[in-house]
Structure formats: structure tokens, C-alpha cells
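Here is a guided look at a structure with several chains. Keep the sequence and the 3D view side by side as you read.

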Amino acid sequence: MSDPEFLALRNITISYGRSVAVDDVSLTVPQGELLALLGPSGCGKTTLMRAVAGLLPLTQGGIVLAKRDITRVPANRRDVGLVFQSYALFPHLSVFENVAFGLRLRRAPATELKQRVDAAIAMVGLTGFESRLPRELSGGQQQRVALARSVVVRPNLLLLDEPLSNLDARLRLEMRSELHRLHRDLGVTMIYVTHDQAEALALADRIVVMRAGKVAQSGSPEDLYERPTSGFVARFMGFENILGVQPDGLSGEKGMLKIPTAGLTDARALAWRPQNVQLGEGPFQGRVIGASYQGETTEYLIESAAGLLKAQASVTAPRHTVGENIAFDLPVSRAVRLLEV
Amino acid sequence: MIRIAGFSVLGLALLFLLGPFLIIAGAGLSAGDILVFPPQGFSLRWYAGVFEIERFRESFLLSMELAVGSTALALLLGVPAAYAMARYEVPGGEWIRTIVTAPVIVPAIIAGLALLRYTVIPLGLPVMAALVLGHTALVAPYAVRVVTVSLTHLRPDVEEAAILLGASRTGAFFRVVLPNIRNGVMAAFILGFITSFNQVPVSLFLTGPGVSTLPIDMLAAMEFVYDPSIAALSTLLALMSVSIVLVAERLLGLSRYV
Amino acid sequence: MFADRRIGLALAAPAMLFVGLAFLLPVGILLSESLHAPSGWTLSRYITFFTDPLSLEVTLRTLRLGIGVTIVSAIIGYVAALAIVEAGPQTRGRMTALFVLPMMISPVARTYAWIVLLGRTGLINKAVVGLGLSDEPLRLLFTETAVFIGLLQLFLPLMVLSLTSALENLPADVIPAARVLGAGWLTIFFRVILPLTREGLIVGGTLVFTGAVTAYITPAVLGGAKVLMLETLLYQRVSVANDIATASVIAAILIAMSIVTHSLIRRMTGMRRAA
């Protein structure tokens with residue numbers, strides 16, 4: 001990772017009329033990093049990505065890529081590749097010609113062109129499919145063509161817009177590891193836009209979570225998974241039980257669970273994953289209103305004074321039935337402290 | 001019972017629509033000098049003879065040139081307009097669409113008269129130029145509509161992909177958009193050609209002495225020609241249209257665009 | 001969607017300018033003539049037109065033929081379209097093609113056929129005389145009936161095609177469902193089919209009506225000077241007497257009818273998209 005500020009986004013704001021899609025976002029990406037832009041739909045991640053590609057004008061701010069200010073460089077001269085969610089293959093061109101498209105525009109010599117295209121097609125495992133048309137390929141194969149087409153021109157930066165969202169679950173896992181391998185082999189800097197936290201956690205060197213046009217939190221996958229700082233990120237990372245810290249207890253949407261909170265005044269809220277809720281004993285009382293068996297674990301929905309809580313118990317733990325009154329504990333030691341609800 | 005009645009009405013409707021063509025086709029086969037059906041005797045002389053009538057030959061060629069020229073011009077104007085409306089946020093886009101498709105709403109004879117009085121005469125335009133103006137305006141809405149339909153089948157991000165691979169806007173249009181709407185453009189050309197070739201009312205006022213389109217000439221000839229030549233010509237024209245449409249349907253799926 | 005408005009405008013401008021200047025402007029001037037007289041702006045040309053017995057007769061005949069052709073084509077159209085939809089999908093495609101075909105053929109050729117059929121020595125008169133139904137050949141050409149038949153032949157396909165597509169979009173099984181409930185065919189038609197295909201009927205109806213009302217070739221060939229319609233009257237007035245006053249009023253009437261019917265179609269198709 002030679003250049004720590006290979007891609008630098010400086011105070012980027014993008015607005016349409018009155019609505020602000022991206023609000024003063026700054027971030028830097030070191031060369032060779034795979035950064036995931038994570039967030040729910042409408043959080044501005046796709047808008048930001050399209051602006052980096054040059055498909056949308058910035059309202060304010062600047063972009064530097066490989067030491068070159070590309071803020072006003074048109075999209076076709078940015079050296080930025082983009083793999084579209086829909087793949088956007090050229091319907092009238094064969095696999096070979098789709099991949100060769102960018103090289104032909106760059107007037108690559110015939111022998112070099114053939115060599116590079118063949119290599120790119122081989123890299124995504126589609127050797128033998130060169131003369132097929134996109135409509136004759138499966139979704140996963142189209143995805144591979146789109147990848148090969150983008151990387152064959154050796155862009156400075158490769159953007160991927162929800163690239164796996166149109167694939168079925170099994171293929172998605174397969175492509176995930178494929179992408180990982182590609183990133184490792186090519187060393188290209190990548191920004192991966194997704195709403196799927198599992199994908200982001202599995203693939204990224206670093207994750208930036210976006211919310212309402214702003215960066216909510218950024219850090220390594222472990223940082224985000226273990227130490228979310230806000231309720232928004234915590235919920236995204238699977239902390240399903242979030243309770244506010246009050247002077248005399250923990251507050252949920254319905255009411256309070258009374259416990260001493262003297263040592264917790266630095267946190268605004270506490271968050272637990274379902275498996276960290278202890279069932280069977282503890283200071284609080286609740287009632288089981290839902291139980292769903294999931295093989296290794298069972299998930300329970302508990303009605304408490306603070307509202308609904310989600311708990312998970314392993315197969316070895318005693319089983320509870322719906323309607324049963326139950327004691328439970330929310331151990332502070334296993335909670336994450338949030339600075340924002 | 002109901003079903004049988006339904007199918008007989010359908011059959012009668014088709015007979016009503018297509019039967020007359022069989023009759024003129026047959027009348028054109030007559031060996032005699034008068035237009036009658038059933039034909040008197042059998043000969044191909046009227047079919048062969050059509051090509052000998054200089055007046056029809058001239059106006060046929062003129063109609064061909066006019067139809068090809070004005071359809072090409074309409075596409076040259078209509079394709080960029082359709083593309084702009086499909087892909088760009090054009091200010092006042094609905095207004096533009098209304099203006100460009102307005103010729104559909106104005107009866108052609110009125111357009112012809114207005115063009116003659118307020119454009120052709122004041123500017124002293126030659127007859128052919130006048131005809132091209134009128135026909136292009138009439139064909140343009142079809143060109144816009146058909147091309148719009150085929151543009152909706154092409155995702156805009158395909159163009160973005162081309163641009164990100166290094167193509168300019170124009171380059172992306174010619175390398176990616178045009179090859180993919182080719183069938184639509186060809187369908188528009190065929191529909192425009194047929195519309196222009198068969199068009200009468202707009203040409204009524206615009207044709208001049210010695211320069212006339214084929215359908216106008218045929219209309220004029222009906223008043224004094226009583227031999228089977230017009231029947232033969234009508235049949236040939238019908239066959240021409242039908243074969244163009246059938247070939248186009250095979251190759252392009254023309255009916256998707258009608 | 002690309003954001004650059006200037007490029008979009010530049011691409012649309014040639015077509016817009018062409019149609020605007022070469023088409024709408026002259027048509028607009030012609031229309032303005034209808035409100036114009038040497039003395040200034042006035043409705044006098046309309047008053048003159050509608051008080052002239054011939055003009056009034058032609059206007060009423062045009063409307064009468066337009067409405068008549070629309071109604072008859074709707075009746076035939078429903079029966080034919082129901083039969084087409086009843087048939088299997090393959091027959092359906094072929095039948096549709098058979099109705100599309102005549103629309104592509106020169107209306108001059110289509111109209112000419114009726115001269116062969118309806119003329120004094122035409123097929124029908126031969127049959128009538130031959131069967132002894134009449135001693136003399138009937139006068140069939142240059143009658144309103146001839147014009148009616150010609151217009152019906154020209155525009156019936158439009159009605160059949162729009163009704164066919166409306167019937168194809170009918171929810172599956174509504175007709176069998178109604179029959180199971182014991183409805184007779186007339187009840188099914190008026191209570192189920194008609195309300196559900198109303199849009200198709202209106203679209204087809206307006207296409208047929210505007211087509212018939214603004215027809216030129218059919219009344220010119222089959223009606224002649226005896227059975228004038230608005231467009232043949234316009235042509236006659238302009239070419240014989242250079243009478244722009246009448247022509248501009250006819251233009252205004254026809255364009256007004258055309259705008260009303262087209263906006264009706266647009267409303268109907270817009271509603272379908274919204275639904």
C-alpha cells in the first residue's frame with residue numbers, strides 16, 4: 001500500500017434541488033484497499049459512487065485519484081471502472097467483444113488486445129464462452145463478463161455497485177470468494193457498494209457505513225462488528241437489543257428496566273446481540289411470546305417492561321415455550337456502549 | 001351456436017376487408033379493354049402494361065424518391081429527438097413531445113393547404129421541396145414513436161458502461177445505442193416509407209403540373225381511365241406493401257412497433 | 001438519465017424547429033384566418049359557414065358518417081375480436097396480422113376496389129340484374145352508402161385491433177366465471193365484457209371516428225361531388241374558388257375534433273398506465 005491517499009474525497013456534497021443525497025463526505029482510500037460502502041437503500045452510497053465514477057456532477061467538494069484532481073475530468077477519462085448492479089453488458093456484442101470494448105477504444109495493438117482479453121476471460125473462468133452473446137449466459141456468467149470487462153483496461157479504481165444482489169444465495173457465496181481472490185491477485189483499489197453487512201464484513205479491508213448522506217462510522221470489519229458507536233450501526237451489525245441509559249435504569253420503547261447505572265454514564269445506550277441475552281435467571285422478568293427453532297440455536301422473542309427483546313439460546317440450553325414467564329439478564333459486561341442511540 | 005356465429009362474422013369481416021383486393025386483382029387479369037369482374041378472358045397484358053404507361057412510371061419513381069427521402073429526413077430529425085427525450089432531462093420535455101408529434105393531430109389536407117399558402121408560395125419553393133417538407137413532418141411523429149419504443153428496451157446504464165470504458169457520449173451512441181435500436185430504426189423506416197408512399201391528402205395541394213405522386217395520379221386517372229390498368233396497378237401496389245410488411249415482420253417483428 | 005440539459009435540448013431542437021416552423025406555423029396561420037376578415041378579428045366566417053345550407057349539410061353528413069361507421073365497426077369489431085380471442089394464441093397472431101395487412105395497403109387501391117364492385121357494370125349490379133331483382137342497374141356509386149362502405153372497410157381494422165388487445169388483457173376466467181353464475185350471453189356482454197373493455201372501445205372508437213371524419217380519398221372517389229364530406233368540400237372550395245374563408249373554418253372544425261379525440265385517447269391510455 002504505497003499511497004495512503006490514493007483516492008481522496010474531500011467535502012463532497014451532492015444535492016438535487018433541495019434534497020441532499022450526499023452531505024459533506026470526506027474519506028481517503030489507500031492504494032490497493034478494498035473499501036465497502038455499506039448502508040440501507042437511499043443512504044447516498046450509490047450516489048457517491050456514481051459521482052466518483054463521474055456519472056453525476058458534484059455540488060461541492062473535490063476528488064483526487066492517483067495524485068490527479070479528477071473533480072472536473074469527464075467520466076470517460078477518469079480511469080475508473082464500474083461493475084453495474086445490472087451488469088450493463090452490451091447486448092449486441094459477444095463476450096470477447098464486450099471485454100475488448102475498452103481496449104479497442106484505447107487502440108490497443110491486435111496481438112496485445114487478444115492476449116489481454118483472453119487473459120481477462122480466463123481469469124473469470126469463462127474460457128470457451130468468447131463467442132456467446134450476453135443473453136445466452138446465466139446471471140453469474142454475465143457478472144463475470146462485467147468484471148473482466150472492467151478490469152481488462154487496468155483502471156486505477158474499480159467500483160462495484162451491489163454486484164451480487166441479482167444472484168442466488170449459493171452463487172453469491174461463490175462470487176464473494178472469487179472477488180476476494182481477484183482483489184488479491186490484481187491489487188486494484190476497489191470500492192464495493194452494498195447493503196448487505198455480511199458481504200461487507202467478509203470482503204472488505206475497511207467498511208464505511210453511510211446514513212442519510214453522511215458517514216455514520218468507518219473502520220475495520222472487526223471495529224464495526226465489535227464496537228459500533230451508534231444505534232444505527234449497531235442494529236446493522238446484528239445488535240438487536242438496544243436500550244437507552246437513564247439515571248435509574250435502561251429504557252426501551254415501552255418502558256424501563258430498573259438497574260443501577262452509575263458506572264455507565266459515559267454511554268448513551270447499551271446494545272446486546274441476541275446470543276448475549278441470558279435466559280433462565282437474572283434480575284428481570286419477561287414472557288416468551290415467540291420461539292423459533294433454527295437447528296443449532298433457538299430464537300426467542302421476550303416481552304419485557306422495556307419492550308420486545310430478542311434472545312438466542314443454544315440447543316444445549318433448556319427449552320422455553322411460548323407463554324412461559326421467564327427470568328433473564330442483560331449482562332453489562334457483554335454489552336457494547338454506544339455514544340449515540 | 002354463439003361460437004359458430006362469432007366465427008362467421010369474423011370470416012365475413014375478413015372477406016369484406018380482403019375480398020375487394022381479390023376482385024381488383026382478378027379484374028386486372030382481364031383480356032378485354034373494359035374494367036369488369038369477372039374478367040373477360042385471361043391475360044397478363046394489363047399487369048405488364050402498367051410499366052409502359054409513362055405517367056405512372058414517372059410518378060412511381062417520384063413517390064419512391066419522396067418516400068425514401070422524407071423518411072430518411074424524418075429519421076435524421078426524429079432519432080436524436082427521441083433519444084434526447086428518453087435519456088436527458090430536457091427542459092419542457094412534454095412540450096417538445098407534443099410539438100414533434102403534433103402532425104398526427106392535424107388532418108393532412110389542412111397541413112398541405114397551409115404549407116402551400118404560407119410557406120411554399122411565399123418562399124417560392126419547388127414542388128419537390130414542398131412535398132418533402134409536408135411528408136417529413138407527417139412521418140416524423142412515427143419515427144419518434146417507434147424509436148422511443150425501442151430505446152425503452154435498452155437500459156441507460158449500458159451507455160454509462162461504455163463511457164466508463166473510455167467512449168465519448170457520441171462514441172457510446174454509435175457503438176452501443178445505435179446497434180441495439182437498429183431494428184427499431186428500420187421498422188420506423190418501413191412504416192414511414194409506407195405512410196409517405198400511400199399518402200394522398202398532404203400532397204393534393206402541393207403537387208404541381210408535371211410533378212405528381214403515384215397515388216395522386218391514380219386518383220386523377222380514375223376519372224377517365226376505364227380499362228383494367230388501374231386495377232392492375234392497385235394490385236401491384238398492394239402486393240408491394242404486403243411483401244414489404246411480411247418481410248419486415250419476419251426480420252424485425254414489425255408489429256411490435258405499430 | 002443524463003443531467004446535461006443543453007445536450008438534450010440541442011438534440012431535440014432540430015425536430016422541434018422543423019415541425020414548428022414547417023408545419024405548426026403555417027397551420028396556425030391558416031387557423032387564424034378563420035377568425036379574420038378584412039375588418040379585423042371576427043366570428044363572421046363561422047357564422048357564414050354555419051348558415052350556408054350546403055356547408056351545414058356537409059358538416060352534418062360528415063358527423064353522421066363518422067358516428068355511423070364508428071358504431072357499426074364497434075358491433076362487428078366486438079364479435080370479430082371475441083372470435084379472435086377465443087381462438088388459440090397461434091391463430092390469434094395470424095388473425096391479427098390479417099387485420100394489420102390492409103392498413104398497410106394504399107387507401108387509393110383499397111377504395112378503387114369498390115368502383116369495380118359497385119359500378120354500373122360492377123359485380124353487385126350484375127348479380128342484381130341477373131337475378132331479376134331489378135331491370136336496371138342500381139345507382140350504388142356516388143351515394144352515401146358507398147362512402148359508408150368505403151370508410152368502414154378503411155377503418156374497421158383499427159377497431160378490431162384495439163378491441164382484440166383490450167379483450168386479451170381481460171382477466172382470465174371472468175367470462176367462464178360469469179357463465180358459471182348463470183349469466184346469459186347478453187348479460188355477460190353488457191355487465192362483464194363491455195365495462196372491462198371500455199378503454200379499448202374508446203381508443204378504437206376515437207381512431208375510427210377521427211379517421212372517418214377526416215377522410216379524403218373515400219368521399220372523393222366513392223362520393224364525388226354529390227356526396228361531399230368536410231375534406232372534399234374544402235378541396236373543392238379551394239381549388240375551384242380559392243375560398244380560404246371556408247377552408248380555414250373547416251380546418252378549425254377538423255383540428256378541434258382531432259384534438260378532443262386525441263386527448264381522450266391519451267387520458268384513457270394514461271389511466272391504464274396508472275392502474
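The sections below go through the chains one at a time, with a stop where two of them meet.

## Before we start

This is a predicted model, in which local features need pLDDT of at least 70 and side-chain atom pairs count only at pLDDT 80 or more, while totals for chains, interfaces and linings use all residues. Residues are numbered from 1 along each chain as its sequence is written, and chains are lettered from A and ligands numbered from 1 in the order in which they are written.

## Chain A and its two domains

Chain A is split into domain 1 (7-233) and domain 2 (234-338); such bounds come from an automatic or database domain assignment. The centres of the two domains of chain A, taken over C-alpha atoms, are 38 Å apart. Where the domains touch, 11 residues of domain 1 of chain A are in contact with 9 residues of domain 2 of chain A. Two residues are in contact if their C-beta atoms, placed from the backbone, lie within 7 Å.

On the domain 1 side, helix H7 (221-226) and helix H8 (231-236) of chain A each supply at least two residues. H8(A) gives the most to this side, with 3 residues. Helices (H or I, at least four residues) and strands (E, at least two) are DSSP runs, numbered from the N terminus. By class, this side of domain 1 of chain A has 6 nonpolar, 4 polar and 1 charged residues. Here Ala, Val, Leu, Ile, Met, Phe, Trp, Tyr, Cys and Pro count as nonpolar, Asp, Glu, Lys and Arg as charged, and the others, Gly among them, as polar.

## Strands in chain A

Start with strand S6 (residues 80-83) of chain A, where A:Val80 and A:Leu82 point one way, A:Gly81 and A:Val83 point the other way, and all are buried. A residue is buried if 20 or more other C-beta atoms lie within 10 Å of its own, exposed if 12 or fewer, and partly exposed in between, with C-beta atoms placed from the backbone. S6(A) runs parallel to strand S7 (residues 157-161) of chain A, and 4 bridges join them; two strands pair if DSSP finds at least two bridges between them. The bridge partner of A:Val83 in S7(A) is A:Leu160.

In what order do the strands of the open, antiparallel sheet of chain A stand? The 4 strands follow the order S17-S16-S15-S18. Strand S17 (307-314) and strand S18 (325-329) of chain A are at the edges with a single partner strand each, so one side of each has no neighbour in the sheet. Within the sheet, strand S15 (residues 278-293) and strand S16 (residues 297-304) of chain A pair in the antiparallel sense over 6 bridges. One of these links has A:Ser292 with A:Glu299 in S16(A) as its bridge partner.

Chain B has 11 helices and 0 strands. Its C-alpha trace spans about 70 × 60 × 35 Å along the principal axes. Of the 258 residues of chain B, 56% count as buried.

Now find helix H5 (residues 108-123) of chain B, which has a kink of about 40° centred on B:Leu116. The bend at a residue is the angle between axes fitted to the seven residues ending there and the seven starting there. H5(B) is largely enclosed by the rest of the structure, because 12 of its 16 residues are buried. Among them are B:Leu116, B:Arg117 and B:Thr119. Just after H5(B), B:Gly124 takes a positive phi of about 60°.

Chain C comes to 13 helices and 2 strands. Its C-alpha trace spans about 75 × 70 × 30 Å along the principal axes, and 45% of its 275 residues count as buried.

How many residues of chain B are in contact with chain C? There are 71, facing 68 residues of chain C. Helix H1 (residues 2-27) of chain B gives the most to the chain B side, with 16 residues. That side divides into 60 nonpolar, 7 polar and 4 charged residues.

## Two residues with a positive phi

Most residues other than glycine have a negative phi. A:Ala66 has a positive phi of about 50° although it is not a glycine. A:Ala66 is found in the loop between strand S4 (60-65) and strand S5 (68-69) of chain A, and it is partly exposed, with 13 other C-beta atoms within 10 Å.

C:Asn242 also has a positive phi of about 50° although it is not a glycine. Look for C:Asn242 in the loop between helix H12 (230-241) and helix H13 (244-274) of chain C. Is C:Asn242 buried or exposed? C:Asn242 counts as exposed, because it has 10 C-beta neighbours inside 10 Å.
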